[in-house]
Amino acid sequence: MAKIEINEKKILGHINPEIQGQFSEHLGRGIYEGIFVKEDSGIPNKNGMRKDVVEALRDIHVPLLRWPGGCFADEYHWMDGIGPRENRKKMINTHWGGVLEDNSFGTHEYFELCRQLGCKTYVNGNVGSGTVQEMSEWIEYMTFDGASPMTELRKRNGSEDPWELDYFGVGNENWGCGGNMTPEYYGNLYRRYQTYCRQYHPDHPFRKIACGPSDAGAFWTKGVLETCFAKPGGDQFHGFMDLLSVHYYVLPGGWEHKGSATEFDKAMWFQTMKKTLYTEDLLKLHGDILDTYDPKKQIGISFDEWGGWYDCEPGTNPGFLYQQNTMRDALIAGTTLNIFNRHCDRVRLACLAQMVNVIQSVLLTEGEKMIKTPTYHVFHMYQYHQDADLVAADLFENEEVGTEENPVPALNASVSVKNGIYTITAANMDPDHSYPLELRFTDFQPKHASGSVVTEEMHAKNTFEEPDCVTEKALENLTLTPHGVKTTIPACAVLMIRLS
């Protein structure tokens with residue numbers, strides 16, 4: 001029997017709601033058709049935002065939305081996306097599919113979407129092909145309420161009051177699609193650009209995010225921090241950055257041959273699980289580097305691109321990155337969110353890539369139809385961790401499963417508490433075997449228990465013809481004990497238990 005020993009007397013940190021953030025780029029059908037449609041499209045919408053999509057996203061309490069990219073951010077010029085839509089500049093989306101971008105979804109539409117979702121805002125600025133003036137004026141346009149040309153322009157475009165900007169990214173992937181820069185060059189650009197990211201809203205300052213590494217790019221992390229700080233280990237934090245981004249995708253077969261989203265064997269399953277667990281190694285790697293320059297942990301990690309990435313679905317535009325979503329993705333989501341929870345001392349923000357119709361999405365759309373993916377149901381269960389405190393917990397008698405090349409622990413978990421209610425989430429990476437599971441507290445004696453689970457065989461998915469093959473179901477085999485609860489975690493499953 002696997003055991004989770006929970007020391008409710010030891011609080012290890014606070015889990016920011018933003019850890020469950022989402023990302024939506026101008027990519028394929030992620031925004032157009034997926035979120036934003038023409039008001040007269042026949043698809044029910046409010047100010048162009050699909051009502052079914054907004055309602056589903058509100059049900060998982062999306063805490064934050066990152067926009068407009070991604071690679072698209074460093075070729076995006078914000079003034080092309082304001083004013084009357086019929087007059088907006090059209091462009092070719094050179095990064096994603098070579099399709100026409102008509103800029104009908106711009107700054108005003110983004111903030112309208114966030115208003116409908118009730119979520120925080122994360123705008124990514126253009127360092128790769130944009131100017132300091134352009135970035136500075138965008139922030140002024142969004143947040144300033146005084147007398148200025150940008151304020152007057154915003155008002156003429158229909159927004160009398162400024163918006164609340166919560167996070168601002170100074171560039172994206174500038175080691176690659178954002179300019180192929182060296183870390184030292186970007187570090188100096190960052191110092192310059194962030195200087196002109198003025199805080200016009202003293203009661204609601206935004207947090208600045210610097211472009212961090214891809215995967216295990218320790219050289220980038222060290223180079224940027226070395227450039228932005230006077231010396232390691234001292235009180236040299238100048239407010240240049242509040243967070244440093246990290247990007248990592250689970251690519252089962254590597255970049256060249258990522259593999260099918262739906263057709264895979266158990267060897268590929270365990271290779272995927274092993275690569276998912278590598279997320280924790282990356283957090284330790286870059287966290288140790290940050291500790292050298294920022295021992296007081298003033299700078300958080302913004303893990304703002306993560307998820308499973310496979311070959312696109314046959315017959316679709318390869319530049320649209322549209323893929324199906326199976327129980328394998330549910331395990332990626334549950335395991336990754338557990339890792340983020342356990343590292344909440346540094347991970348302050350994270351964004352699944354991407355929210356609708358792109359890579360590991362929570363929703364898929366096709367015309368008027370919409371389906372919730374297995375990943376969606378995991379986020380629905382994990383929402384109880386938002387704004388909760390991380391509780392110390394250790395997992396014992398955990399079986400090792402997998403292959404000789406890719407051994408993995410069967411189970412992983414995280415525990416939090418909020419308003420006296422404990423939330424335990426656990427993922428079972430074993431596609432074949434269930435495990436008895438006991439949760440035991442130090443002193444706490446629960447009186448009430450409830451839970452839910454997402455479980456099916458490893459290839460199970462939802463389709464537009466069968467939208468409910470994978471759903472969240474009540475966890476019925478819960479037995480209270482004097483100091484906890486006993487249950488069984490099914491094979492290939494993500495579960496959530498709440499105790500009070």
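**Stop 1: Asp-215**

Start by selecting Asp-215, in the loop between strand E10 (207-210) and H6. The model you have open is a predicted one. Asp-215 has a phi of about 55 degrees, a positive value, although it is not a glycine. Most residues other than glycine have a negative phi. Is Asp-215 buried or exposed, or partly exposed? Its relative accessibility is 25%, so Asp-215 counts as partly exposed.

**Stop 2: H6 and its neighbour H5**

Follow the chain into helix H6 (residues 218-228) and also select helix H5 (residues 183-195). The axes of H5 and H6 come within 8 Å and cross at roughly 40 degrees. That angle makes H5 oblique to H6. The crossing of H5 and H6 is right-handed.

Now show the side chains. On the H5 side, select Pro-183, Glu-184, Tyr-186, Gly-187, Asn-188, Tyr-190 and Arg-191. They meet Phe-219, Trp-220, Gly-223, Val-224, Thr-227 and Cys-228 in H6. Colour this contact by class: there are 7 nonpolar, 4 polar and 2 charged residues.

**Stop 3: H6 and H7**

The crossing of H6 and H7 is right-handed.

Which residues of H6 meet H7? They are Ala-218, Thr-221, Lys-222, Leu-225 and Glu-226. Across from them in H7 are Leu-285, His-286, Ile-289, Leu-290 and Tyr-293. By class, the contact of H6 with H7 has 6 nonpolar, 2 polar and 2 charged residues.

**Stop 4: the cores**

Next, look inside. In soluble globular proteins, nonpolar side chains tend to be buried together. The largest nonpolar core in this model has 136 residues. Select Phe-168, Met-241 and Trp-306, which have the most contacts inside this core. Which helix gives the most to this core? Helix H7 (residues 266-293) does, with 9 residues. A second, separate core has 18 residues, including Leu-27, Tyr-122, Trp-309 and Val-358.

Return to Met-241 and show what surrounds it. Leaving out residues up to four places away in sequence, Met-241 touches Tyr-190, Lys-208, Ala-210, Val-224, Leu-225, Cys-228, Phe-229 and Ile-299. Tyr-190 was part of the contact of H5 with H6, and Leu-225 was part of the contact of H6 with H7.

**Stop 5: H3 and H4**

Move to helix H3 (residues 132-143) and helix H4 (residues 149-156). Their axes are 8 Å apart, and the helices pack at an angle of about 55 degrees. H3 and H4 are therefore oblique to each other. H3 passes H4 in a right-handed crossing. Select Glu-137, Glu-140 and Tyr-141 of H3, then Pro-149, Met-150, Leu-153 and Arg-154 of H4. These residues make the contact. They divide into 4 nonpolar, no polar and 3 charged.

**Stop 6: H9**

Select helix H9 (residues 374-382). Why is H9 described as largely enclosed by the rest of the structure? The reason is that 8 of its 9 residues are buried. Those buried residues are Pro-374, Thr-375, Tyr-376, His-377, Val-378, Phe-379, Met-381 and Tyr-382.

**Stop 7: Gly-30**

Go to Gly-30, in the loop between strand E2 (21-23) and strand E3 (45-46). With 2% relative accessibility, Gly-30 counts as buried. Beyond its neighbours within four places in sequence, Gly-30 is in contact with Ser-24, Ile-35, Val-356, Asn-357 and Val-358. Val-358 also belongs to the second core.

**Stop 8**

Most peptide bonds are trans. Two stops here are cis. Select Gly-69 and Gly-70: a cis peptide bond joins them, with omega about 15 degrees. Gly-70 is in the loop between strand E5 (64-67) and strand E6 (91-93).

Then find the peptide bond from Ala-353 to Gln-354, which is cis with omega near -5 degrees. Gln-354 lies in the loop between strand E13 (347-353) and strand E14 (363-366).

Finish with Ile-359, which lies in the loop between E13 and E14. Its phi is near 50 degrees, a positive value in a residue other than glycine. At 2% relative accessibility, Ile-359 counts as buried.

Note on methods
Residues numbered from 1 in each chain as written. Predicted model: local features only at pLDDT ≥ 70, side-chain atom pairs only at ≥ 80, totals over all residues. Heavy atoms only, no water. Core = buried A, V, L, I, M, F, W, Y, C linked by side-chain atoms within 4.5 Å. Buried < 20%, exposed > 50% of the residue type's maximum accessible area, 1.4 Å probe, protein only. Helix = DSSP H or I, 4+ residues; strand = E, 2+ residues; numbered from the N terminus. Contact = heavy atoms within 4.5 Å. Axes fitted to C-alpha atoms, helices over the stretch in contact; angles between N-to-C directions. Parallel < 35°, antiparallel > 145°, perpendicular 65-115°, else oblique. Left-handed = near helix turned anticlockwise from the far one by under 90°. Nonpolar A, V, L, I, M, F, W, Y, C, P; charged D, E, K, R; others polar.
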